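Take a look at it first, and then we'll walk through a few spots together.

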Amino acid sequence: MHLARFPRVNLAHSNTPLELLTNLTKELDGPNIWIKRDDCTGLAGGGNKTRKLEFLMADAIKEGADTIITQGATQSNHARQTAAAATKLNMDCYVLLEDRTASEDPDYNLNGNVMLDQLFGATMSKFPGGTDMNAAMEDVAAKLVTEGKKPYIIPGGGSNHIGALGYVTCALEILRQSNESNLVIDHVVHATGSAGTQAGLVTGFSLTNSHIPVLGIGVRVDQATQENNVFKLAERTAAHLGCEGQIQRNEVVANCDYVGEGYGVPAASTIEAIEMFSRCEGILLDPVYSGKGGAGLIDLIRKKHFKKGENIVFVHTGGSQALFGYRNSFDFTNI
């Protein structure tokens, strides 16, 4: 794969660290837990969407766009990073937020990522849960065209065949780091939602014949739906790379037992994972994605799903900025 063939802008701080979590490994007394610190990609505080945006924003520039339109849930990490990327590249940005939780908590609705969207100068609008957000973005785009703008729509999560290239590059980066340190990786685990991160990782590892299995911990939908979404996107990504038909269905695996009450609603296991990572390692997970991914990792280790001595790489997809919208989910005493 010669990824330099595809337009790309430099937005991320890479290579992100690949570190051994010594304390958490000892605490769980199972496999060696490594972490790929994609919370350290830099843009707007970091996160996995920055890798996707390197390719998506380059495509927008190639298309002559002057305005970016995207959508996500209220505390969308993707919206935050997209707004920052647009600002950095001197483009206008329209962020459409879907109210998927019906929370009335002022912190959830105004703090965290929402505040950062505003700081980055995005034009924001809110829609009820269940809205056809793709249609809503098309409506905004049509209006902007009548005003003489040249809009470019980025799907939720930046998850299409262009954005997924960001995690093909991440797979190559992980391989390079592991080869340089003589680290044999037995499994990669991460939170999976809009499918782009997992599709990119699966594609990258598959097309390099690395034999590294990827396990996505679902944050929103059931297993069959998630795996189908990831597989279809991985197929499109591979075809975009000129490798059509080379992704096998059995390479896409998701575990959706840790969703809890729904997207954006942390379960008790989510809170436990956030507290374990913070108190064992000083690492902040988020309540929507990486917290649920961490919960799945912890529970599967406790259930002996992974063998002691194996090397597990947990891809930290970022999102700690959303913690400030979820204070009431934690049992903190007042100062």
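## Around T169

Leaving out residues up to four places away in sequence, T169 touches L3, R8, R51 and F55, where contact means heavy atoms within 4.5 Å. T169 sits in helix α7, residues 165-180; helices here are DSSP runs of H or I with at least four residues, strands are runs of E with at least two, and both are numbered from the N terminus. With 9% relative accessibility, T169 counts as buried. On this scale, buried means under 20% relative accessible area, exposed means over 50%, and partly exposed is in between, using a 1.4 Å probe and protein chains only.

A quick word on the ground rules: this is a predicted model, so local features need pLDDT of at least 70 and side-chain atom pairs count only at pLDDT 80 or more, while totals for chains, interfaces and linings use all residues. Residues are numbered from 1 along each chain as its sequence is written, and side-chain values use heavy atoms, with hydrogens and water left out.

## Salt bridges

How many salt bridges does a search of the whole structure find? The search turns up 14, a salt bridge being a side-chain nitrogen of Lys or Arg within 4 Å of a carboxyl oxygen of Asp or Glu. As a general point, side chains of opposite charge can pair when their charged atoms come close.

R8, one of the residues touching T169, forms a salt bridge with E54, and the closest N and O atoms are 2.9 Å apart. This pair links distant parts of the chain: R8 is in the segment before β1, E54 is in helix α2 (residues 49-62), and they are 46 residues apart. R8 is partly exposed, with a relative accessible area of 44%, whereas E54 counts as buried at 3%.

Helix α2 also holds a pair of its own, K62 and D59, three residues apart, or about one turn of the helix. Their closest N and O atoms are 3.4 Å apart, and they form a salt bridge. Here K62 is exposed, with a relative accessible area of 52%, while D59 is buried at 13%. There's a network to look for too: salt bridges link K36, D38, R51 and E173.

## Where α10 meets α11

Helix α10 (residues 268-281) and helix α11 (residues 290-302) pack with their axes 8 Å apart, at an angle of about 90°. The axes are lines fitted to C-alpha atoms, for helices over the stretch in contact, and angles run from 0 to 180 degrees between N-to-C directions. The two helices are therefore roughly perpendicular to each other; that label covers 65 to 115 degrees, with under 35 called roughly parallel, over 145 roughly antiparallel and the rest oblique. From α10, the contact is made by S269, T270, E272, A273, I274, M276 and F277, and from α11 by G291, K292, G294, A295, L297, I298 and R302. Sorted by class, that gives seven nonpolar, four polar and three charged residues. Nonpolar here covers Ala, Val, Leu, Ile, Met, Phe, Trp, Tyr, Cys and Pro; charged covers Asp, Glu, Lys and Arg; the others, Gly among them, are polar.

E272 in α10 and R302 in α11 are 30 residues apart. E272 counts as partly exposed at 30% relative accessibility, and R302 counts as partly exposed at 43%.

## A charge without a partner

Now for D117, which lies in helix α5, residues 113-119. D117 is buried yet has no salt bridge, and the nearest side chain of opposite charge, R80, is 6.3 Å away. For that charge label, Lys and Arg count as positive and Asp and Glu as negative, with His and the chain ends not counted. Apart from neighbours within four places in sequence, D117 is in contact with A79, R80, V95, L97, A122 and M124.

Most residues other than glycine have a negative phi, and most peptide bonds are trans. Which residues does a cis peptide bond join? The bond is between S14 and N15, with omega about 5°, and N15 is found in the segment before β1 (18-20).

D29 isn't a glycine, but its phi is positive, near 50°. D29 is in the loop between α1 (22-28) and β2 (32-37). A102, also not a glycine, has a positive phi of about 60°. Look for A102 in the loop between β4 (92-99) and α4 (106-110), where it counts as exposed at 57% relative accessibility.
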